[in-house]
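Here's a quick briefing to read alongside the model. Have the structure open and follow along.

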Amino acid sequence: SRESFSLLSSLIKPSGSVIMNGGVAISKPSSEDNAVADVLASAHKAFAEARAFWGSESADKPGNIIFYFGQILAPKISFAELTPSISGKTLTDAFNPLEYESIDRQMNVIKESRTIFETAAAQ
């Protein structure tokens, strides 16, 4: 939320930065992913620099969404950058639909993982 990012920003040095694991996804989020766009929009309320990266070697394999937040430019990061093509909403402590969306994402990861393991067990 905007409030969380403001608090986090106040706790780090002016030249400091924060790297956050945004969680796992089955495949690379599209440029129209609301969750990535909303987190970046909210983080920009407290940080000059807010970027997201896809932490996997392949767009069609599971990976982590990695966020960088800071008051200085991000260092060179070897992962593909996630650049939303949509405007994100500012998440607040009172308005945070990601709390519900993350449950759907987690359920999809569980279902996909179960399918992979069942297929492997059947072979």
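Phe5, Phe47, Phe67 and Phe69 form one aromatic cluster, where rings of Phe, Tyr and Trp (its six-membered ring) count as paired if their centres lie within 6.5 Å. Keep in mind that this is a predicted model, so to speak of local features takes a pLDDT of at least 70, side-chain atom pairs count only at pLDDT 80 or more, and totals for chains, interfaces and linings use all residues. Residues are numbered from 1 along each chain as its sequence is written, and side-chain values use heavy atoms, with hydrogens and water left out.

**The aromatic pairs**

- Searching the whole structure turns up four aromatic pairs.
- Phe5 and Phe69 have ring centres 4.9 Å apart and planes at 65 degrees, so this pair is edge-to-face; the label needs planes over 60 degrees apart, while under 30 is stacked and the rest are tilted.
- That pair ties together distant parts of the chain, with Phe5 in helix H1 (residues 2-11) and Phe69 in strand E3 (residues 63-70), 64 residues apart.
- Helices (H or I, at least four residues) and strands (E, at least two) are DSSP runs, numbered from the N terminus.
- Phe67 and Phe69 make a stacked pair, because their ring centres are 5.8 Å apart and their planes sit at 10 degrees.

**The nonpolar core**

- The largest nonpolar core has 16 residues, and those with the most contacts inside it are Phe5, Val36, Ile65, Phe67 and Phe69.
- A core here is a set of buried Ala, Val, Leu, Ile, Met, Phe, Trp, Tyr and Cys residues joined through side-chain atoms within 4.5 Å.
- At least two core residues come from each of strand E1 (17-25), helix H2 (34-43), strand E2 (49-55) and E3.
- H2 gives the largest share, four residues.

**Helix H2**

- Nine of the ten residues of H2 are buried, so the helix is largely enclosed by the rest of the structure.
- Among the buried ones are Val36, Asp38, Leu40 and Ser42.
- At the start of H2, a side-chain oxygen of Asp33 comes to within 3.1 Å of the backbone nitrogen of Ala35.
- For such polar contacts, the cut-off is a pair of N or O atoms within 3.5 Å; within protein, one must be able to donate a hydrogen and the other to accept it, and residues adjacent in sequence count only if both atoms are side-chain atoms.

**The strands around E3**

- E3 pairs in the antiparallel sense with E1 over seven bridges.
- E2 and E3 are also antiparallel, again over seven bridges; strands pair if DSSP finds at least two bridges between them.
- Val24 stands opposite Asn64 in E3, and Trp54 stands opposite Ile65 in E3.
- Seven of the eight residues of E3 are buried, so this strand is largely enclosed by the rest of the structure.
- Trp54 belongs to E2 and is buried at 1% relative accessible area.
- The C-alpha atoms of Trp54 and Pro29 are 8.2 Å apart, though 25 residues separate them along the chain.

**Two loop residues**

- Ser56 lies in the loop between E2 and E3 and is buried, at 18% relative accessibility.
- Its side chain reaches the backbone oxygen of Ser58 at 3.3 Å, and that of Pro62 at 3.3 Å.
- Leaving out residues up to four places away in sequence, Ser56 touches Lys61, Pro62, Gly63 and Phe79, contact meaning heavy atoms within 4.5 Å.
- Lys28 sits in the loop between E1 and H2 and is partly exposed at 34%.
- Beyond its neighbours within four places in sequence, Lys28 is in contact with Trp54, Ala59, Ala80 and Leu82.
- Lys28 and Leu82 are 54 residues apart along the chain, with C-alpha atoms separated by 8.6 Å.

**Overall picture**

- The protein has three helices and four strands, running α-β-α-β-β-β-α from the N terminus.
- Of its 123 residues, 32% count as buried.
- Among contacts with a separation of 6 or more, 73% are between residues 24 or more positions apart.

Key
Buried < 20%, exposed > 50% of the residue type's maximum accessible area, 1.4 Å probe, protein only.
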